Amino acid sequence: MSTSHPLYINGQWVTGASSITNTSPSDLSDVIGEYDQATNEQTKEAISAAQSGFAQWSQSGLEQRYNILMAIGNELIARQDELGELLSREEGKPLAEGKGEVYRSGQFFHYYAAEVLRQIDERADSVRPGVEIDVRREPLGVVGIISPWNFPMATAVWKIAPALAFGNAVVFKPANLVPASAWALTEIISRQNLPAGTFNLVMGSGGETGETLINSPDVQAITFTGSLEVGRRVAAATVGNLVKCQLEMGSKNALIVLDDADLDLAVEAAFNGAYSGSGQKCTASSRLIVTEAVHDEFVSKLKARLEQAKVGHALEEGVQIGPIADKRQLESNMAWIERAKADGATLAFGGSRVDTKTDGYYMQPTLFTDTTNDMEINRDEVFGPIACVIKVPDYETALSTLNDTQYGLTGGIITNSLKIASDFKARAQTGCVMVNLPTAGTDYHVPFGGRKNSSFGPREQGQYAREFYTVVKTCYVRA
């Protein structure tokens with residue numbers, strides 16, 4: 001990969017007015033490259049190009065779309081080692097996770113390639129004799145895609161793949177913190193036989209490039225993953241132009257551990273859910289709600305697990321927890337730790353920065369006990385390797401505590417009771433429910449999304465994605 005990385009607009013690589021330097025959070029001396037920034041005018045040019053591309057792509061044959069999406073997926077999977085290393089360098093997740101993310105991205109393209117061939121419309125009988133009715137789904141037009149930094153490729157792909165599969169054109173704005181993965185994906189897409197303008201990459205800040213995209217009347221839909229605060233701004237901007245909007249925002253997920261739980265299973269589920277990816281996941285379980293009878297043993301076992309966890313460079317063998325994504329996020333995490341201590345929480349493990357061989361943004365996985373659900377750290381999203389244990393007397397209190405939040409993305413429970421598991425599935429106020437599993441970890445062929453302030457608009461992933469990326473047309477015909 002060259003040092004300079006331009007924008008991709010209307011089928012051409014275009015130089016931006018400025019650029020940013022992308023460095024690795026594992027090693028601040030590791031410069032990944034320079035990435036161009038789009039001006040407002042270039043973002044508008046990309047939207048205009050997408051309108052032209054849509055006119056052709058929306059009329060393309062199904063096999064053309066299928067072959068292109070399959071080719072993208074094939075290349076991602078074939079290059080998972082190379083691109084996984086690039087992803088881990090720029091985002092900081094351990095190498096195995098980086099490779100896995102690229103592999104999963106390839107699977108998304110394969111899945112939606114198959115969806116291209118499954119686009120079957122419906123017919124209905126009319127109440128009027130001699131009239132036939134067809135109900136069909138058609139592409140929307142130009143879709144603006146704004147993706148986050150914590151899954152630099154996978155989250156972008158689970159938006160891009162269905163957008164293209166259903167015949168839309170795309171203007172893609174990745175998070176400015178992780179442009180390398182987005183650029184590598186765009187380079188693969190650029191070599192496919194897509195009409196010029198069907199896919200566009202505009203790197204830039206949310207305040208400039210993102211604002212231009214979400215405020216454009218020439219965009220038919222915006223899909224965004226990020227914070228609740230920014231999600232509300234996106235919604236407010238799109239409503240003025242009556243633009244279709246899909247938002248995945250904050251979370252404050254909880255994992256319940258009951259008296260009858262397999263505690264070894266519970267500890268692994270808590271560790272994977274709260275600390276994998278340095279806790280930088282919207283599905284992370286930052287609240288651990290544990291019943292009194294097993295509280296002390298669970299905490300003891302989890303502390304022992306944290307002592308074994310290796311913190312270090314994302315590319316170093318055996319590392320389980322990589323660096324925090326950037327300095328700003330690390331400082332935020334450390335401030336949360338001080339706030340929790342000031343509020344009366346007991347620091348049971350971690351809480352400090354970590355010195356390593358390289359200059360990076362490292363911190364210990366952190367565990368608090370003696371916390372209550374009304375503490376600020378248990379109300380707001382932290383987005384770091386920090387978990388808080390909340391002791392409760394029984395299942396009913398645990399469930400009430402889990403639901404007592406403005407968010408509702410994922411919720412988990414560790415129990416051997418089928419009765420309680422069934423009750424939990426029915427009463428947990430979350431979009432995703434996990435029984436005897438970590439809260440983090442979802443499949444690509446089923447819907448993903450939350451309730452309350454976690455999500456807004458149609459679900460992502462699986463066949464449910466067509467609800468967002470298509471519009472329904474009802475056709476009446478009298479022969």
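This is a predicted model: local features need pLDDT of at least 70, side-chain atom pairs count only at pLDDT 80 or more; totals for chains, interfaces and linings use all residues.
View A. A disulfide is a covalent bond between the sulfur atoms of two cysteines. The cut-off applied here is a pair of cysteine sulfur atoms within 2.5 Å. By this rule the model has zero disulfides. Cys282 takes part in none, and the nearest cysteine sulfur to it, 8.9 Å away, belongs to Cys432. Cys282 has a relative accessibility of 19% and therefore counts as buried. The limit for buried is under 20% relative accessible area. Cys432 is also buried, with a relative accessible area of 9%.

**View B. Asn22 and its polar contact with Glu90.** Asn22 lies in strand 4, which spans residues 18-23. Its relative accessibility is 3%, so Asn22 counts as buried. The side chain of Asn22 makes a polar contact with the side chain of Glu90 at 2.9 Å. Neighbours within four places in sequence are left out of the contact list for Asn22. That list includes Asp30, Val31, Ile32, Gly33 and Tyr35. Also among the contacts of Asn22 are Glu90, Leu177, Pro179 and Ala180.

View C. Ser26 sits in the loop between strand 4 and strand 5 (31-37). Ser26 is buried, with a relative accessible area of 0%. Which residues beyond four places in sequence are in contact with Ser26? They are Gly92, His313, Ala314, Pro323, Thr358, Asp359, Gly360 and Tyr362. Thr410 is 384 residues from Ser26 in sequence. In space, the two C-alpha atoms of Ser26 and Thr410 are 29 Å apart.

**View D. Helix 12 against helix 13.** Two packed helices are described by the angle between their axes and the distance between the axes. Helix 12 covers residues 395-403, and helix 13 covers residues 418-427. Their axes come within 11 Å and cross at roughly 25°. Helix 12 is therefore roughly parallel to helix 13. Angles under 35 degrees count as roughly parallel. The crossing of helix 12 and helix 13 is right-handed. On the helix 12 side, the residues that meet helix 13 are Tyr395, Glu396, Leu399, Leu402 and Asn403. Helix 13 brings Ile420, Asp423, Phe424 and Arg427 to the meeting with helix 12.

Conventions:
Residues are numbered from 1 along each chain as its sequence is written. Side-chain values use heavy atoms; hydrogens and water are left out. Helices (H or I, at least four residues) and strands (E, at least two) are DSSP runs, numbered from the N terminus. Buried means under 20% relative accessible area, exposed over 50%, partly exposed in between (1.4 Å probe, protein chains only). A polar contact is a pair of N or O atoms within 3.5 Å; within protein, one must be able to donate a hydrogen and the other to accept it, and residues adjacent in sequence count only if both atoms are side-chain atoms. Contact means heavy atoms within 4.5 Å. Axes are lines fitted to C-alpha atoms, for helices over the stretch in contact, and angles run from 0 to 180 degrees between N-to-C directions. Angles under 35 degrees count as roughly parallel, over 145 as roughly antiparallel, 65 to 115 as roughly perpendicular and the rest as oblique. A crossing is left-handed if the near helix is turned anticlockwise from the far one by less than a right angle, and right-handed if clockwise.
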